[in-house]
Amino acid sequence: MSVDLSQFHQVFIDEAYEHLATMENLLLAIDLDNPSLDDLNAIFRAAHSIKGGAGTFGFTDIADLTHALETLLDRLRKQELHPTDDMIEAFLQASDLLGTMLDDHQQGNETDADRIATVKSELVRLASDDEQPANQDSTPTPPEQQPPAGDEQPPTRGGGAWLIKLHPATDIFAGAASYDAVTEDLMALGEVEKVTPPHDGQATWLLHAAVKREQLEEIFAWVCQPQEVTFEWQEGDQPLAEDNSADDDEEAFGFFIDESELPASLESLEEEQGYGFFVEDDELPAATESQTNEGETADEDPGYGFFVDEKDLPAKEAVTSGSKPSLSAQNTSSAEQTDKKASGKPAPKAGSQPAKAPASKAAADTSIRVGVEKVDQLINLVGELVITRSMLAQSASVLDPIEYENIHNGLANLERNSRDLQEAVMSIRMLPINFVFGRFPRVVRDLTKKMHKKVKLKLVGEETELDKGLIEKLSDPLTHLVRNSIDHGIESPEERVAAGKPEEGTITLSASHQGGSILVEIHDDGAGLNREKLLAKAEEKGIPLSDNPPDKEVWQLIFAAGFSTAKEITDVSGRGVGMDVVSRNISEMKGQIEIDSVPGQGTRIGLRLPLTLAILDGMSLRVGDEVFILPLTRILESMQPDKSQLKTVSGKGKVVHIRGEYLPLVPLYKVFNLQPRFTNPEEGILVVVETVEGKLALFVDELIAQDQVVIKSLETHYRKVEGVSGATIMGDGRVALIIDIERLARMNVV
Amino acid sequence: MNDATEEQALVTSGQQEFLTFTLGEEEYAIDILKVQEIRGYDGVTRIANTPEYIKGVINMRGVIVPVVDMRIKFNVGEIVYDQFTVMIILNLGERIVGMVVDGVSDVIALDPDQIRPAPEFGATLDTEYLEGLATLDKTTEDEDERMAIVVDIEKLMTSSDMGLMDQVVQAG
C-alpha cells in the first residue's frame with residue numbers, strides 16, 4: 001500500500017482489536033437456544049468493520065477471513081441457520097486467528113497460511129451447512145446477493161413525482177447532448193419542473209408523472225452513464241428541501257439511491273461511507289438493497305446500461321431467488337410492505353437498526369485516541385506546575401498575610417486549581433477494569449470445557465477505574481488466579497451435587513475502590529483451601545512454620561514458589577509456578593494479597609492495589625544531606641532504640657531486638673555511602689520495614705514527612721541504580737530517590 | 001553576492017556549527033544540534049555507589065537527568081562547584097545528559113575539510129570518540145592560532161566507558 005495509508009495502519013489495528021474484543025464478548029454472551037438478533041447484528045457489524053478496514057488498507061488476508069466469517073454471520077442473522085456450539089467455537093477460533101494476524105501485520109511477520117486455511121474452510125463449511133451452496137465464499141463479492149425484489153414497481157398512484165438528478169463527471173451538455181432535448185423528452189412523459197438549470201452538466205428536474213423507472217432510464221441512457229443520474233420517486237407534495245441530506249451523498253452513492261430512498265436507509269448509507277458496495281443489507285430496507293444489485297449490474301457493463309429493462313431484471317430476480325428461496329420470499333414481502341405503505345416511511349425491519357447506528361457514531365465522535373506519551377508528558381507538566389506552586393508558596397510564606405492578602409488568596413486559588421488539574425490529568429490514564437475482566441468469560445468458557453466443570457462467571461464493578469499501567473500488569477496474575485479457582489477451587493459437578501451445592505459453580509470477579517486503593521477480588525464457591533494438605537506439603541518442602549500457625553499464614557503458603565498440592569500436573573495448573581508469579585506481580589505493583597477460605601464454602605483472594613503506578617504514598621527521610629522516599633505501605637513502625645535493644649553479631653553487624661524478634665539493622669548511610677549526621681543508632685531513628693525476605697530495621701537520621709510523590713524513572717536518561725526503584729521531585733525542585741526495599745534486603749549491606 | 005546565495009553556499013558546502021568548550025588546557029568542539037541548553041550547576045542529587053565523575057541526577061523540568069563531571073572523568077581542570085560552574089545539557093537522541101565542563105567558549109562554523117583526522121595520541125579522550133582536529137580562525141591579530149578537538153559526543157556519552165546506561169550485551 002502507499003506510504004500515505006501506512007500511517008493509519010496503527011489506527012486500523014487498534015480499532016480492529018477493539019472490534020475483535022466486542023465480537024468475542026458478544027459471542028460468549030449468545031444464548032444458543034434463543035439468539036438475540038441484535039447481538040448477531042452487532043457481531044456482524046464488528047466483523048464487517050474489520051473487513052472494511054482491512055480491505056482499505058490492503059490487508060487482504062484479514063479481509064478474506066473476515067469475509068468468510070461475515071458470510072456465516074450473515075446467514076445466522078438472517079435466521080437461515082441456527083447458531084450452534086460449533087459455530088461459536090469456529091467464530092472464537094477465527095477471532096483468535098484475526099488477533100494473531102493483526103499482531104503479525106504489526107510486526108511484519110507472515111501468518112501461518114495453513115491455520116488461516118483451516119479456520120476459513122471451517123467457516124465456509126458451516127456457512128454451507130444446508131441446502132444452500134456456499135458459492136459466495138470464494139468470490140470477493142459481498143454477501144448481499146439479494147434478489148432484487150420489488151424495485152420494479154412502477155409508481156402507479158398519482159400525486160407523486162420523480163426527482164431526477166443529473167451529475168455527470170463532465171459537462172455533457174457542452175457536447176452532443178442538449179439540455180433542451182432531454183427536457184423535451186421528459187415533457188413527453190408528463191409535466192416537468194426545472195428545479196435547477198443546467199450548470200457544468202448538472203441539472204435537476206421534477207417530473208410529475210407516474211411513469212416507470214425504465215422509461216426514465218431510457219431517456220438518460222442516451223445522455224450519460226447510468227451512475228451519473230439518480231431517480232427518486234417522491235410521494236405527494238414532499239418538499240425538496242428535505243432531500244438536502246441526500247445531496248451530500250449523491251456523488252459517492254448516487255446509484256444506490258432510488259425511489260424508495262428512505263430516511264432510514266440514508267442514515268445507513270452515511271454510516272457506510274468509504275465502504276461503497278458493502279452496504280449492510282439489514283441496515284437498509286430491502287428495496288435499497290435490490291437497488292444495490294441493480295447498480296452493480298449497471299456498473300459491470302456500463303455500455304449496455306440502458307438495456308436493463310423490465311425483461312432483464314425479472315429474469316435476474318428469478319435466478320437469484322431460485323438459489324435463496326426462503327429469503328426471496330421474506331424480502332419480497334417486506335419490500336411489498338414498504339411499497340404499500342407510503343414509501344417515505346421505513347420498513348419495520350429497518351426501523352430498529354438505524355436507531356443504533358447513529359448512537360455508535362456519536363460515541364466514536366466523543367472520544368479521541370491519544371498516545372500514552374502525550375498523556376505522560378501532560379502529567380509531567382502538571383507535576384512541574386505543582387512543584388512551582390509549592391516553591392511560590394514557600395517564598396510567599398514570609399510575606400505579611402494582611403499586607404499581601406491578595407498574594408495569599410491567589411496562591412490558595414492556585415493550589416486548588418492545580419490540584420484539580422492534577423486529578424483531571426491523572427484520570428486520563430484511568431481505564432475501567434473491564435479491560436481486564438472482559439477477557440475472562442472466554443478464559444472460563446475454554447477452561448470449563450476442557451475440565452468438564454460447570455462454572456458461571458460473575459463480574460462485579462467492571463466500571464471501576466484504575467491506571468492503565470496497572471490494568472496491563474493485572475491481567476497475568478488474574479488469569480492465574482481464575483485458572484486456579486477453576487482447576488483447584490471448583491469441584492466437578494458430581495462432587496458438587498454430592499456436597500449439596502448447585503451443580504454449577506460460581507466465580508465472582510469484583511473490583512471496588514477502597515480509600516486510596518483498589519480491591520480486586522476473586523471469589524469462588526468451591527471446596528476451599530485444605531489446611532492439612534497445605535501443612536503436610538509445607539513439611540515435605542521443608543518450609544519452616546510455627547507450631548500452630550494461624551490460617552492466614554497457612555494460606556500464604558500457596559504463593560511459595562514450587563508449591564502445588566495438585567496431585568497431577570495438568571496443562572492448566574499444578575506446576576506451582578502460577579501463584580508464585582501472582583505474588584511477584586502484585587508486589588511489583590506495590591499491592592498486597594489477602595486470602596480467606598472456608599472449607600467446603602469457597603475461597604476469596606483479594607488483591608489490594610494502589611490506584612495508580614504514577615503516585616506513591618511515601619515517607620520522606622533524611623540521611624546526611626540527602627532525602628530518600630520509603631514506600632509507606634512497607635513501613636511497620638519507626639522507633640528510637642535504646643542501648644539494650646542493640647546487639648552485635650560478630651561479623652554480621654548489628655541486630656535490633658524488638659518485641660522478641662531480632663531484626664537486622666541496616667544503616668542507610670552505609671548502603672548509599674553518605675556522610676550521616678548520626679552513626680550511633682541510638683541518636684537516629686529506626687524504621688522497621690517489611691520485605692519478602694523478612695523484616696528489616698533501617699537506620700536513618702530523621703523522618704521528614706509523609707508525602708504523596710510522583711514516581712519518575714531513572715532509567716529514561718540514566719540507568720538502573722541498585723537499591724533504588726525510581727526517583728521523584730520534591731517541593732524544592734530537588735530530586736529524591738525512592739528506596740527499593742526488596743533490593744535493599746537482598747543487597748545485604750550490613 | 002546576496003544573502004540567499006551565500007546561505008546556499010553554506011548549505012552546499014556542508015558547513016556545520018559546533019559549540020566549543022574548554023576542559024583544562026584543551027578546547028573541544030561538539031555538534032551544536034546535540035546541545036539542548038547550558039545552565040549552572042545546582043541541585044544535584046547524589047547517587048550512591050557510582051564512579052566519582054557521575055555527580056548524580058538533576059531535575060530538568062520534571063525529567064530526571066544524570067550529570068557527569070568531565071573534569072573528573074578526564075582528570076583535568078580544577079574541581080570546584082560555584083556559580084561559574086557550567087553544565088552543558090546534551091540531547092542525544094532519546095537520552096538527555098548533563099555535562100560539567102570548565103567553560104563554554106564559542107559557537108563556530110566549520111567546513112568538513114577544516115576537520116583533519118586526529119593523530120592516534122595527544123588528546124585526553126580516546127581517539128575512538130574523536131572526529132578530528134579543527135583549526136579555529138583567529139579572533140584578534142595578536143592571538144595564537146587555536147585548535148579544537150572535535151568530539152563525537154553521542155558516541156562518547158553512550159559508550160560503556162561512561163557507564164551512563166545499562167549495557168545490554170557488549171557487541172563484539
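Student: At what angle do the axes of α2(A) and α5(A) cross, and within what distance do they come?
Tutor: Keep in mind that this is a predicted model. The two axes cross at roughly 165° and come within 10 Å. Helix α5 of chain A covers residues 85-107.

Student: Are α2(A) and α5(A) roughly parallel or antiparallel, then?
Tutor: Roughly antiparallel. Angles over 145 degrees count that way, so the pair α2(A) and α5(A) falls in that class. The crossing of α2(A) with α5(A) is left-handed.

Student: Which residues of α2(A) and α5(A) meet there?
Tutor: From α2(A) there are A:Ile13, A:Ala16, A:Tyr17, A:Leu20, A:Met23, A:Glu24 and A:Leu27. On the α5(A) side they meet A:Ile88, A:Phe91, A:Leu92, A:Ser95, A:Leu98, A:Gly99, A:Leu102, A:His105 and A:Gln106. By class, this contact has 11 nonpolar, 4 polar and 1 charged residues.

Student: And how does α2(A) pack with α3(A)?
Tutor: Helix α2 (residues 9-29) and helix α3 (residues 37-57) of chain A pack at an angle of about 160°, and their axes are 9 Å apart. That makes α2(A) roughly antiparallel to α3(A). The crossing of α2(A) past α3(A) is left-handed.

Student: Which residues make the contact of α2(A) with α3(A)?
Tutor: Among those from α2(A) are A:His9, A:Phe12, A:Ala16, A:Met23 and A:Leu27. Those from α3(A) include A:Asp39, A:Ile43, A:Ala46, A:Ile50, A:Gly53 and A:Phe57. The residues of this contact divide into 12 nonpolar, 5 polar and 2 charged.

Student: Let me zoom out. How many helices and strands are there in chain A?
Tutor: Chain A has 25 helices and 22 strands. Of its 750 residues, 36% count as buried. Taking contacts in chain A between residues at least 6 apart in sequence, 70% join residues at least 24 apart.

Student: I also had my eye on A:Asp580. Is A:Asp580 buried, exposed or partly exposed?
Tutor: A:Asp580 is partly exposed, because it has 18 other C-beta atoms within 10 Å, while a buried residue needs 20 or more.

Student: Where is A:Asp580 placed?
Tutor: In helix α23 of chain A, which covers residues 578-588. A:Asp580 and A:Ile558 are 22 residues apart in sequence, and their C-alpha atoms are 8.0 Å apart in space.

Student: Changing topic: how many residues of chain A are in contact with chain B?
Tutor: 23 residues of chain A are in contact with 21 residues of chain B. The elements of chain A that give two or more residues to this side are α15 (372-396), β21 (724-729) and β22 (735-739).

Student: Which of them gives the most?
Tutor: That is α15(A), with 4 residues. The side of chain A that touches chain B divides into 11 nonpolar, 5 polar and 7 charged residues.

Student: On to chain B. What is it built from?
Tutor: Chain B has 3 helices and 11 strands. From the N terminus on, the elements run α-β-β-β-β-β-α-β-β-β-β-β-β-α. Of the 172 residues of chain B, 28% count as buried.

Student: Which strands pair with β1(B)?
Tutor: Strand β1 (residues 16-23) of chain B pairs with β8(B) (residues 103-110) in the antiparallel sense over 7 bridges. In that pairing, B:Leu19 has B:Val107 as its bridge partner. 6 bridges join β1(B) to β2(B) (residues 26-31), and these strands also run antiparallel. There, B:Thr22 stands opposite B:Glu27.

Student: What sits in the hairpin of β1(B) and β2(B)?
Tutor: There are 2 residues between the strands, and B:Gly24 takes a positive phi near 60°.

Student: One last thing: in what order do the strands of the open sheet in chain B come?
Tutor: The 5 strands come in the order β3-β6-β7-β5-β4, with mixed pairing. The edge strands are β3 (35-40) and β4 (54-60), each pairing on one side only. Within this sheet, neighbouring strands are turned by 30° against each other on average, direction ignored. Strands β6(B) and β7(B) pair in the antiparallel sense over 7 bridges, and B:Asn91 stands opposite B:Ile96 in β7(B).

How values were computed:
Residues numbered from 1 in each chain as written. Chains lettered and ligands numbered in written order. Predicted model: local features only at pLDDT ≥ 70, side-chain atom pairs only at ≥ 80, totals over all residues. Axes fitted to C-alpha atoms, helices over the stretch in contact; angles between N-to-C directions. Parallel < 35°, antiparallel > 145°, perpendicular 65-115°, else oblique. Left-handed = near helix turned anticlockwise from the far one by under 90°. Contact = placed C-beta atoms within 7 Å. Nonpolar A, V, L, I, M, F, W, Y, C, P; charged D, E, K, R; others polar. Buried ≥ 20, exposed ≤ 12 C-beta atoms within 10 Å, placed from the backbone. Pairing = 2+ DSSP bridges.
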